[in-house]
Amino acid sequence: MAQEFITINRHISIEGRRYPQATGEFTSLMSEIVLTAKIIHREVNKAGLVDEITGFTGDVNVQGEEVRKLDQYADDLFMHILKYSGHVCAMASEEAEDLVRGPTYVNSGKYVVLLDPLDGSSNIDANVSIGSIFAIYRRVTPPGEPGALEDFLQPGRNLIAAGYILYGSSTVMVYTSGRGVHGFTLDPSIGNFILSHSNIRLPEKCGIYSVNESYTRDWTEGVRRYVERCKCLERDDCASSFDGKTLEKPMSSRYIGSMVADFHRNLLYGGIFLYPGTKKKPNGKLRLMYEANPMAFVIEQAGGAASNGVMDILDVQPEELHQRIPLFMGNRDEVELLENYIKQYDLKEELVGV
Ligand code: AHM
Ligand code: MG
């Protein structure tokens, strides 16, 4: 029997048809994101062969970070393709200080899109996995007017779709539109993403913790104690001093430094990802709107949770486009346990970025 090939476009279109009021615009918008992903995949695979892919542009972005050539390429491409799609009235990106609007005819677009066009880009030149992240909201301002900041500053709870593309050992696109999490692997021989991971659920066991441990001395007490507990250092019997819950053995430490790659592995294997605030930087590094929120939507749809240490990421009311937030996400039990450590040890010190 022939293998059933469900392309991502077909999957999105079937999902879209479940809504009687659907006009096909969402399906069409997602197709533009799929196209962009394929082009970035093509360029990523030239790294090392052509000079345009590796190295820096010489510019510094709004975050104060040096811009890499592929960061710039991915940002330009997403912006260009989405700007003229007709479905998006405005976009925001890690690489652009302000929101970006298209020609006036796109003012009728129903949606706004937030992007981290190339996450983990410090890994590009070493052929380590990188990713793109997207988040889609329905606009709140009336169609016909230019997209505005208020269309973006909505809690993650209002997202209508989000996901990521991981350029790894193969290129994978994962998305949710609020009805489960689905993963598609790019078959380069036919140029299409094919359903490979239907309705992904986090495994029950959380065997991995992912954090940059070089910052340990700057962590708050609660985070430090929680990570010690992941390593069974907290008590000889691997029990949490908190709730007495016992680990069979220390968890494995895995940290790539590309959030999309760390996240994807933990999603498939079970794990917790941490990017805490520190005493000097209480809000940490990662951005709420285009890094934390989309991943939080995916992890929640897969049965997990995402928190800033105090509350669910998806319930945080954003105040600005590029705001940073401490981020803890993965298996729900572990995220809740970590929140309890923070409550016990840190909240009195008012060190977490909330
Ligand atoms: P970027 O968006 O500029 O690439 O930065 C985000 C990346 C994440 O992918 C990753 O989790 C984190 O930065 C790594 O930071 P650090 O080197 O501080 O651990
Ligand atoms: Mg990023």
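Visitor: Which residue in β8 is the bridge partner of Ile 165?

Guide: Met 173 is the β8 partner of Ile 165. This is a predicted model, where local features need pLDDT of at least 70, side-chain atom pairs count only at pLDDT 80 or more, and totals for chains, interfaces and linings use all residues. Residues are numbered from 1 along each chain as its sequence is written, chains are lettered from A and ligands numbered from 1 in the order in which they are written, and side-chain values use heavy atoms, with hydrogens and water left out.

Visitor: And what stands opposite Ile 165 in β6?

Guide: That's Ser 132. Strand β6 (residues 130–138) runs antiparallel to β7, with seven bridges between them. Strands here are DSSP runs of E, at least two residues, and helices are runs of H or I, at least four residues, numbered from the N terminus. Two strands count as paired if DSSP finds at least two bridges between them.

Visitor: How many bridges on the β8 side of β7?

Guide: Six, again antiparallel, with β8 covering residues 171–176. The two strands make a hairpin with three residues between them.

Visitor: Is β7 buried or exposed?

Guide: Buried: seven of the seven residues in β7 (residues 161–167) are, so the strand is largely enclosed by the rest of the structure. Buried means under 20% relative accessible area, exposed is over 50%, and partly exposed is in between (1.4 Å probe, protein chains only).

Visitor: Which way do the β7 residues point?

Guide: Ala 161, Gly 163, Ile 165 and Tyr 167 go one way, while Ala 162, Tyr 164 and Leu 166 go the other. In a regular strand, side chains alternate between the two faces of the sheet.

Visitor: What's the strand order in the sheet?

Guide: β4-β3-β5-β6-β7-β8-β9-β10, an open sheet of eight strands with mixed pairing. At the edges sit β4 (100–101) and β10 (192–197), each pairing on one side only. Strand β9 (residues 181–187) joins β10 through five antiparallel bridges, with Gly 183 partnered by His 197.

Visitor: Switching to ligand 1, how many residues surround it?

Guide: There are 18, and the closest are Asp 119, Tyr 215, Tyr 255, Met 259 and Tyr 275. To count, a residue needs a heavy atom within 4 Å. The shell divides into six nonpolar, five polar and seven charged residues. Here Ala, Val, Leu, Ile, Met, Phe, Trp, Tyr, Cys and Pro are nonpolar, Asp, Glu, Lys and Arg charged, and the others, Gly among them, polar.

Visitor: Which domains does that shell draw on?

Guide: Domain 1 (8–197) and domain 2 (208–349) each give at least three residues; the bounds come from an automatic or database domain assignment. β5 (111–119) and β13 (272–275) each supply at least two.

Visitor: What lies 2.5 Å from a ligand 1 oxygen?

Guide: An N or O atom in the side chain of Tyr 255. Also, a backbone N or O atom of Gly 120 lies 2.7 Å from a ligand oxygen, and a polar side-chain atom of Glu 291 is 3.1 Å from one. Taken alone, ligand 1 exposes 480 Å², and the protein buries 87% of that (Shrake-Rupley areas with a 1.4 Å probe; for residues, only the protein chains shown count as cover).

Visitor: How many residues of α6 are buried?

Guide: Nine of eleven in α6 (residues 259–269), including Met 259, Phe 263 and Arg 265. Just after the helix, Gly 270 takes a positive phi of about 95°.

Notes
A polar contact is a pair of N or O atoms within 3.5 Å; within protein, one must be able to donate a hydrogen and the other to accept it, and residues adjacent in sequence count only if both atoms are side-chain atoms.
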